[in-house]
Amino acid sequence: MLVCTLAIMNREASRFVGQRGRFLSSLVRPMVWLLVFAAGFRSALGLSIQEPYQTYITYEIYIVPGLIGMVQLFNGMQSSLSLVYDREMGSMRLLLTSPMPRWWLLLSKLLAGTAISILQVYVFLALAAPFGITFPVLGYLAILPVLILSGLMLGALGLLLSSTIDQLENFAGVMNFVIFPMFFLSSALYPLWKMAESSALLRNISAMNPFTHAVEAIRFALHLQVNWSAIGWTLAAFLLFFAASMFGYDPAKGLVARKAR
Amino acid sequence: MTTLHSLPGPYRFPELDLNMIDLTDKQGAMSLGTGLMVEDLSHSYGARKALSNVSFSVERGCFCALLGPNGAGKSTLFSLLTGLFTSKSGDIHVAGFDLAKKPRSALAALGVVFQQPTLDMHLSVHQNMRYYAALQGLSGKHATRRIGEALEQLEMADRAGEKVRALNGGHRRRMEIARAMLHEPAILLLDEPTVGLDTSTRQAITAHVHKLARSEGLTVLWATHLVDEVEDEDQLVILHKGTIRADGTAATLRGARNLGEAFLALTAAGNETE
């Protein structure tokens, strides 16, 4: 079974290496946010001391966990796009006719996507460092397990989407409906209390957003603290998304049965 | 054409194994055998019925041509046979395993060549083989040996490092067939495998798979809409509008007519009754 996982990871990795544009854009996107957006916001937004920060922080420091989340969110959607592509191209069939258990095959896909997203995150953090945006050394290590969890969660969301989307063309629309609300209605750009100042409703929606919890889990880990509730939420969301996508890919019940022709 | 059929020793081992577990002889006609058996299979896409009460079986070592015009339900049948989706009514037995109850054992006994190419263009020939082997649970030396043999047979050992993109359509198809055989399946399913190939490549591939059935004891289900891919001694199942119109030896079914005429007559007869 492990052989199979490694092979799937290997395939995803070599596909990723082949797509230099994807790698580049996955790094340029957060860097632009960090250097352009954050610089402008720095003066506009006052941040008070809040957990996990012990002192006043600059906005650039605040936004980094959100951008890490964004890297993983985009990567999760990208992997799901490649799943839909795989299905149109037929290689999904190859995967699904393997005698390995289906949940294991799909989990392997998720692990492969997560590994790639983590690579992107570390390259992003390395690029941010020369601009003075650094964190406790151990923090870089501490985020690793959280990144695996958040990567799996966002990947599972992509998997779920891929089981419901039957055509590549429909994908762009869905991406916009998922990525943007998920990113903006979260604690990635502003803390939730700041959002509550303008609208309690928005704050409440954001507090329900699993992406918020993934970002918070990363934020705390980066500063060597553990936010168990955020981790719990992220884990629960992962299990929910994965279970739902297993249903979607179930040959008897799922949507694949109605779609695959 | 290359000598695809000059098979080295190791290819014959599965045949010996299958003989040892062959149920047909010991349990008589009622047993499931090691071939393929489809019983009373129906499937609908919503209100549209794609297959209704399809039953047929293929004996081990038989080459069965599943002939049907476009839209007959061949691809639906293949999706059901490969467990891509399941149907509420009917049974499928693959090499004696019930696909619904023991899907993993059944799938392990299947080699599948899909109508759509499923090779990764950006990967090399060897990488593609290796990926498939791993999906089938083959690893390490065993996988290396099997891949080596397959490439040897294809006479592509020297091109193993090339990207699939660089191969022509015929080579890609033959590679897919060889790949489907890597895990030594008992049954090989091919869904219109010659689509888009030129005549001589088409003939070579058809002949190659016929030979595999004859010399290796491989059970083959070959879906096509082209009558010239069917040989007289093949089992012929004609599928039209989701039902079986004929099932028998090709030579018997066609009688004095040529197969093309017989096929048209059998599928036309179906149209009138509807």
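In the predicted model, 69% of the contacts in chain B between residues at least 6 apart in sequence join residues at least 24 apart. Chain B has 274 residues, of which 53% count as buried. Its secondary structure comprises 10 helices and 10 strands.

Four strands of chain B, in the order β2-β1-β4-β5, form an open sheet with antiparallel pairing. Strands β2 (48-58) and β5 (97-98) of chain B are the edges of this sheet, each pairing on one side only. Helix α3 (residues 74-81) of chain B lies across β1 (36-45), β2 and β4 of the chain, and runs at about 115° to β1(B).

In soluble globular proteins, nonpolar side chains tend to be buried together. The largest nonpolar core in the model has 97 residues. The residues with the most contacts inside this core are V64(A), F183(A), F242(A), M129(B) and M175(B). Helix α3 (residues 59-89) of chain A contributes the largest share of the core, 14 residues. Another core, of 34 residues, lies apart from it and includes L66(B), L77(B), A109(B) and L189(B). When neighbours within four places in sequence are left aside, M175(B) is in contact with L119(B), V125(B), N128(B), M129(B), L154(B), M156(B), V164(B) and L167(B).

F183(A) belongs to helix α7 of chain A, where F171(A), V178(A), I179(A) and M182(A) are buried as well. Viewed down the axis of α7(A), the buried residues fall within an arc of 105°, and therefore line one face of the helix. The length of this helix was also examined. At 1.5 Å a residue, the 14 residues of α7(A) (residues 171-184) should span 20 Å, and this agrees with the end C-alpha atoms, which are 20 Å apart.

A further helix of chain A, α11 (residues 228-249), contains S245(A). With a relative accessible area of 0%, S245(A) is buried, because buried means under 20% relative accessible area. Not counting residues up to four places away in sequence, S245(A) touches A156(A), L159(A), L160(A) and S163(A).

Methods. Residues are numbered from 1 along each chain as its sequence is written. Chains are lettered from A and ligands numbered from 1 in the order in which they are written. This is a predicted model: local features need pLDDT of at least 70, side-chain atom pairs count only at pLDDT 80 or more; totals for chains, interfaces and linings use all residues. Side-chain values use heavy atoms; hydrogens and water are left out. Helices (H or I, at least four residues) and strands (E, at least two) are DSSP runs, numbered from the N terminus. The expected span of a helix is 1.5 Å times one less than its number of residues. Buried means under 20% relative accessible area, exposed over 50%, partly exposed in between (1.4 Å probe, protein chains only). The arc is that of the directions from the helix axis to the C-beta atoms. Two strands pair if DSSP finds at least two bridges between them. Contact means heavy atoms within 4.5 Å. Axes are lines fitted to C-alpha atoms, for helices over the stretch in contact, and angles run from 0 to 180 degrees between N-to-C directions. A nonpolar core is a set of buried Ala, Val, Leu, Ile, Met, Phe, Trp, Tyr and Cys residues joined through side-chain atoms within 4.5 Å.
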